[in-house]
Number of protein chains: 2
Amino acid sequence: MKDHETVPPILIERGEGVYLSDREGNKYLDVISSWWVNLLGHNHPRLNAALSRQLDKVAHVMFAGVTHQPAIDLAERLVALTPDNLKKVFFSDNGSTAVEVAVKMSLQYWQQTGQGSKRKFAHLKGAYHGETLGALSLCGIDMFRDKFEPNLMANVEVQGPDCFRCPYELKPESCQAECFEPMHQTLEKHKESLAGVIVEPLVQGAAGMKMYPPLYLKKLQDACKAHNVHTIYDEIAVGFGRTGSLFVCGEHDLNPTFLCLSKGITSGYLPLAATLTEDEIYSAFYGEFSEMKLFIHSHSYSANPLACAVANESLSILTGDDFLENLKPKIRVLGEYGNKLNALQWCGEFRQTGMIAAVELVANKKTKEEFPFEKRVGYQIYQEGLQRGALMRPLGNVIYFIPPLVISTDQIQMMIDTAYDCIQAVLD
Amino acid sequence: MKDHETVPPILIERGEGVYLSDREGNKYLDVISSWWVNLLGHNHPRLNAALSRQLDKVAHVMFAGVTHQPAIDLAERLVALTPDNLKKVFFSDNGSTAVEVAVKMSLQYWQQTGQGSKRKFAHLKGAYHGETLGALSLCGIDMFRDKFEPNLMANVEVQGPDCFRCPYELKPESCQAECFEPMHQTLEKHKESLAGVIVEPLVQGAAGMKMYPPLYLKKLQDACKAHNVHTIYDEIAVGFGRTGSLFVCGEHDLNPTFLCLSKGITSGYLPLAATLTEDEIYSAFYGEFSEMKLFIHSHSYSANPLACAVANESLSILTGDDFLENLKPKIRVLGEYGNKLNALQWCGEFRQTGMIAAVELVANKKTKEEFPFEKRVGYQIYQEGLQRGALMRPLGNVIYFIPPLVISTDQIQMMIDTAYDCIQAVLD
């Protein structure tokens, strides 16, 4: 907040496509899709119309003993569009609650199947899964958790992939996900107490868009199966087309026990989240009232009809008219043109997974020495971006691009050019 | 879910005023305001229009480094309408997150002011403050927490008011909140480790609409001040007019350290929540970037502009045109006519706080013996209600009324009559 004494927050008044406008009429390219949520651009006529149609019927009704068509449609579509093992959907409001639901279901499942010692979760270093205290207990970034450490669940942090600074000194072409070893050891050592392992598949967002290969996920799946541990995929940031396919799990033929979705689910219109799981999990909660095996977790606005209506329309767009096919040239341009950032002397790495790209800035390209924290390189580039009409929001020294999927190839080039200029202006 | 094999969920298609309609055109009086959220009725023309106006501008934009008029307006209004000590507003998505934010701010405040041993919270028996694991750690109802007990924070449960079965055998006219004694002892004993005490002011909702007098809150405030402990008011269910005044704290001249709001904030349209606090708390987080004193808690859809726009319009209605003044005759009718439920031989107590009323059914009026859990008296009455066009949702053996505030006095009488008939049909 003290930063705002000198740099006031910008007051956004309108949105249109990939642009946001402030009160003075300045336009900003929404480089990070308003915290990774917007897929189809602001003020999308079809999404607006879908919302208005539902508004004419009913804005909200409780989701207990009651159902409604928007929720039924959305649940059926999510089940149809995700891997075959995922059959059941539980709605909540945001990414944190989607994760809390998966965690609670996993714990209760083990308890109700006679394996109540399974009460811990493993997460990766650099992981981010939300900030309610349960979700925060799965966080692998000190800054988010250190003030609350004594109040967090005792979980297990595991060193995961770190491709840019690979301790095994491997290149993508030679890598066999050797970095899975610490997770393998954790599963061996803690299998009696581990309920599940949670990951952000392929891209660790808050860690600085750190990317890793699907082979890691394949190894994780096999090891979790062998050790009787649930896998929880947090596709809150990467789901709904960001990586070029609808979901990471589906694209790579992976079958998580739980799949957490939010953010892009309404294309950045309204809060909504879903946690998907298997019949095997569901059936452990199914029984007579007197058995009290039910899952209890009730947010007032669960399955909000307005949000579900927007989500359904967004899915219609994403799955229709070759939408994902048409992403391919954009992904190619983002990669090819983005590569130009490698020319910068501070570019440690330019990396990309589908429509997500990032440049990690370093003080020394050869040693990969980091800029000092206090220098706030990212923050300076953020301010420079605002001057040049780009709303970026670097994570430390990582400048990243996760624009609405409807961005044009010209706009992608402009976005990269702007980032290039901003980095140079600040560091040169 | 197994119940639905014989009683399928009703499929709601439309809402209009205090009524919901299913696909077959059956109408149901929304007796519990769709989980205590709806204030102004379904499909309210002014709320719909406010939502549409904002939709034409922008549905959502991230709330970090960025602000927007709907959030500014809402924050300013909430500060103006709540007690003077509450000066700052933090937005999130639902009741659970509003509580998690208060808990995290309290913990971090004590840590940053050199009192890091304060890491526990006291809550009342019967308390409900949400179901993410942090919020669930403040729950005083076994059914919600027992499956997750080993994963919850270690807090302190305190026996609070229990007016219907008052262990001191007092009547309202003779009561001096003697039942505050256990809380007094808890504060004495744990003052070094207590960060805060959380309460649902006046009405413990999920406990079965258990009601208690404001004197308890006054004693709590004095004792917390004396023992250097924060007070957290969860007005998620009772705020925004339910008790006849806008907020319990304001009406009774109470100054909680934190005030958590959600549910009625958008009059039941969209998920939104706010946590209010004092300058004293805020200033402990204010500093140079390098000090890292900031509060970090970021939900993607925080301060969603659509939700804020609806909340602003709802507040305009609640605070305009003698809206609260016009509630008084309704509150009177609810009390006078509701008293007729006392005639039922199973009525242990009919109780009321403003526009919230409840009848607690007992097997024996004299001994107050409860109906056995397995008999599912409430569930049978719920089904009976559906047949008669009333969507009730009893809490155990407590049938309660928390209708949209726009309900007419005729509709109030019909609602009570229907409940009376349903109870008699099931128990006679």
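**A close look at one residue**

Mentor: Happy to! Let's settle on A311(A), whose place is in helix 11 (residues 305-319) of chain A; helices (H or I, at least four residues) and strands (E, at least two) are DSSP runs, numbered from the N terminus. This is a predicted model, where local features need pLDDT of at least 70, side-chain atom pairs count only at pLDDT 80 or more, and totals for chains, interfaces and linings use all residues. Residues are numbered from 1 along each chain as its sequence is written, while chains are lettered from A and ligands numbered from 1 in the order in which they are written.

Is A311(A) buried or exposed? A311(A) is buried, because 31 other C-beta atoms lie within 10 Å (20 or more within 10 Å of a residue's own make it buried, 12 or fewer exposed, anything in between partly exposed, with C-beta atoms placed from the backbone). Setting aside neighbours within four places in sequence, A311(A) is in contact with L74(A), I265(A), T266(A) and L272(A); contact asks for C-beta atoms, placed from the backbone, within 7 Å. For a sense of reach, take Q115(A), 196 residues away from A311(A) along the chain: 37 Å separates their C-alpha atoms.

Now zoom out to chain A, with its 14 helices and 17 strands. Of its 428 residues, 55% count as buried, and A311(A) is buried too. The C-alpha trace of chain A spans about 70 × 55 × 45 Å along its principal axes. Among contacts in chain A between residues at least 6 apart in sequence, 72% join residues at least 24 apart.

Chain B lets us look at helix packing. Helix 3 (residues 69-81) of chain B and helix 11 (residues 305-319) of chain B pack at an angle of about 40°, and their axes are 8 Å apart (axes are lines fitted to C-alpha atoms, for helices over the stretch in contact, and angles run from 0 to 180 degrees between N-to-C directions). From helix 3 of chain B, the residues making this contact are P70(B), A71(B), D73(B), L74(B), R77(B) and L81(B). Facing them from helix 11 of chain B are P305(B), C308(B), A309(B), A311(B), N312(B), L315(B) and T319(B).

Next, the place where the two chains meet. How many residues does each chain give to the contact? Chain A gives 74 residues and chain B gives 74 residues. On the side of chain A that touches chain B, the elements giving two or more residues are strand 1 (10-16), helix 1 (33-36), helix 2 (45-57), strand 4 (66-67), helix 4 (95-112), helix 5 (133-136) and helix 6 (142-145) of chain A. Helix 4 of chain A gives the most to that side, with eight residues.

With strand 4 (residues 66-67) of chain B, strand 1 of chain A pairs in the parallel sense over two bridges; two strands pair if DSSP finds at least two bridges between them. Here L11(A) has T67(B) as its bridge partner in strand 4 of chain B. Strand 1 of chain A also pairs with strand 2 (residues 19-22) of chain A, in the antiparallel sense over four bridges. The partner of E16(A) in strand 2 of chain A is Y19(A). These strands belong to an open sheet of five strands, ordered 16(A)-3(A)-2(A)-1(A)-4(B), with mixed pairing. At its edges are strand 16 (390-391) of chain A and strand 4 of chain B, each pairing on one side only.

Strand 1 (residues 10-16) of chain B and strand 2 (residues 19-22) of chain B pair in the antiparallel sense over four bridges, with I12(B) opposite D22(B) in strand 2. Two residues lie between the strands of this hairpin, where G17(B) takes a positive phi near 60°. Strand 2 of chain B then pairs with strand 3 (residues 27-30) of chain B, antiparallel over three bridges, and S21(B) stands opposite K27(B) in strand 3. That hairpin has four residues between its strands, and G25(B) in the turn has a positive phi of about 90°.

With two residues between the strands, G354(A) takes a positive phi near 60°.

Notes
Two residues are in contact if their C-beta atoms, placed from the backbone, lie within 7 Å.
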